[in-house]
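Have a go at each one before reading its solution.

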Amino acid sequence: MTEESETEMTSAPATTATVLVVEDEEALLLTMAHHLRREGYEVLTAARGDDGLQMAREHEPDVIVLDLMLPGVDGMGICRALRRDTRVPIIMVTALGGESDRVAGLDTGADDYLAKPFGMRELLARVRALLRRAPMRQEAPPEEDVVRAGDLEVNRVRREVRRGGELLRIKPREFELLLFLLRHPGQVLSREHILESVWEHDFNGDARTVDVHMRWLRQKIEPDAANPRRIRTVRGSGYLFEG
Ligand code: CA
């Protein structure tokens, strides 16, 4: 008897693809969302880069339409951050149609590129093409032994860090801290969160411990530790790893 209702459930239409659109120009965002919804997609929208990155991680969309210039984290930053743990197809949208920007966008892992101004039919065609190419709900690849960020090369198995090919002398706790940052690029991480994750339960330290280790780590991985660009301090909030 229950079989009947189960059959009904399974004969429901296939899952609709979800498209996340990250764009700070409101009119364009609304227009894109409207056209995508009319095509039958589930549409999620974000007007800031940091919100977009968070939504991408929480909702695992099937395609992301990503503006390059965004408040918060820019399109390149989002793309780099997502590429560390997902293969979700990304279309980079930008006003900068120059070849160097296009190449840079594709280098960070975008799958396609759309220069403003563009027509909605073109956008829909690109989204369709990417969905055809990519099976839905791509699994994240397994964590690789070697993780790279800029000129940094971190070998998880050998627990080695190289910068520009040169082996760094790095303490075990600094290594764990760096691995944690690499797993959360572009995210503001509070001292408490870092302390809980990296020190776990074997330490009754306070948040200043995090600051001290960040300072040591910066001295090793920043080109100029006095003006850190990789590990940024977010006043009143914590730290943000740019990669
Ligand atoms: Ca923009």
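**Exercise 1.** Find what Arg-163 forms with Asp-151, and which parts of the chain the pair ties together.

*Solution.* Start with the contact: Arg-163 and Asp-151 form a salt bridge, with their closest N and O atoms 3.5 Å apart. Strands here are DSSP runs of E, at least two residues long, and helices are runs of H or I, at least four, all numbered from the N terminus.

This is a predicted model, where local features need pLDDT of at least 70 and side-chain atom pairs count only at pLDDT 80 or more, while totals for chains, interfaces and linings use all residues. Residues are numbered from 1 along each chain as its sequence is written, and side-chain values use heavy atoms, leaving out hydrogens and water.

**Exercise 2.** Work out where Arg-230 lies and how many residues apart in sequence the parts are that it ties together with Asp-151.

*Solution.* The side chains of Arg-230 and Asp-151 meet in a salt bridge (2.7 Å, N to O). Arg-230 lies in the loop between α9 (207-221) and β11 (231-234), so this pair ties together parts 79 residues apart.

**Exercise 3.** Decide whether Arg-230 is buried or exposed.

*Solution.* Buried means under 20% relative accessible area, exposed over 50%, and partly exposed in between (1.4 Å probe, protein chains only). At 8%, Arg-230 is buried, whereas Asp-151, at 36%, is partly exposed.

Definitions and conventions: A salt bridge is a side-chain nitrogen of Lys or Arg within 4 Å of a carboxyl oxygen of Asp or Glu.
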